[in-house]
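Trainee: I have a model to go through. Can we take it piece by piece?

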Amino acid sequence: MGNIFDEEKLYPYEGAIKEHFEDHYDSVFIAFLPFFQLDREETDKSNLKKAKLLSHEEALKEIDLLKKLPEANREIYSYDNDRYPADEDIFRKGKPIPWKNIVKGSDLAGYADLNTALRTSIGALNRNFTRPDLMEKLNNYTDSESIYHPTEGAFGILSKMVIYKAFKLLGRDQIMITDEFYEQTSTVDLDRLTEYEFCDEIGGKDYYLYSADKEILFTIEWDSFFFLIATDHKKMDQLIASNLFEGFSCNDHTEHYWEYTLE
């Protein structure tokens, strides 16, 4: 694959994930962005998700360009739901809910169905692949339990918290943070930051986090409810044993759209 850092290819959009990273890492783990609950019952179920499906009238108010286009059967989402919990509230009061609990409670068949339901819920799938039946199962359960959905395409606060712990576990304190378009890279010293300060350093479009020695990489892409952890097998064994992350290890055939091939 060559040098993925120099070539700015820190996410494997196509092909086998492990093959993409093989010149740098021999182990890759798909880590799920967790759902969560707060110590309150959410009565307005539309606030359980950061993304909100807009009506045609709402979309016209938010997007001026639509006024110039013919009305069409299109789905438009807004990510300005200001009633979704703030990071500080989630940091202090959020209780992570693992995907395995969501699968069991919603009567979905497994992680693949849950990922498809989540992607359907944000309009991320071609109409041939969308599964509103799975989305309905998911929403019925999370609505009934006041469980908040993760936000796609960003390291959520709960994930940033465990990433901080993972860097500490592996003895890596000099951390590089690079944005989606590789335009800015900053370095932070975990010895000088609290856990919350570290989380606050990472913005919504900071897609690549890695140790200064590049021995461990956390990477995400804009439409996903999971991120990738890439490192060597010894460090990966440590991370898996720590139970910080929920997910599964990639085999030689796992690709970005793993839900279509997961056994």
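Trainee: Is C199 buried or exposed?

Mentor: This is a predicted model, where local features need pLDDT of at least 70, side-chain atom pairs count only at pLDDT 80 or more, and totals for chains, interfaces and linings use all residues. Residues are numbered from 1 along each chain as its sequence is written, and side-chain values use heavy atoms, with hydrogens and water left out. Buried means under 20% relative accessible area, exposed over 50%, partly exposed in between (1.4 Å probe, protein chains only). C199 has 1% relative accessibility, so C199 is buried.

Trainee: How many disulfides does the structure hold?

Mentor: A disulfide needs a pair of cysteine sulfur atoms within 2.5 Å. The count for the structure is 0.

Trainee: Which side chain makes a polar contact with that of S224?

Mentor: S224 sits in the loop between β9 (217-219) and β10 (226-231). Helices (H or I, at least four residues) and strands (E, at least two) are DSSP runs, numbered from the N terminus. A polar contact is a pair of N or O atoms within 3.5 Å; within protein, one must be able to donate a hydrogen and the other to accept it, and residues adjacent in sequence count only if both atoms are side-chain atoms. At 2.5 Å, the partner of S224 is E221.

Trainee: Why is S224 counted as buried?

Mentor: Its loop position lies between β9 and β10. Contact means heavy atoms within 4.5 Å. Leaving out residues up to four places away in sequence, S224 touches Y11, L33, E152, G153 and H256. S224 is counted as buried because its relative accessible area is 2%.

Trainee: Within what arc do the buried residues of α9 fall?

Mentor: In α9 (residues 233-242), K235, M236 and L239 are buried. The arc is taken from the directions from the helix axis to the C-beta atoms. The buried residues line one face of the helix, because they fall within an arc of 100 degrees.

Trainee: Which exposed residues does the face of α9 turned away from its buried side carry?

Mentor: The cover over the buried residues includes β1 (27-32), α7 (157-169) and β10. The face turned away carries K234 and A241.

Trainee: How many residues has the largest nonpolar core?

Mentor: A nonpolar core is a set of buried Ala, Val, Leu, Ile, Met, Phe, Trp, Tyr and Cys residues joined through side-chain atoms within 4.5 Å. F198, F218, F227, I229 and F245 have the most contacts inside the largest one. Its residue count is 63.
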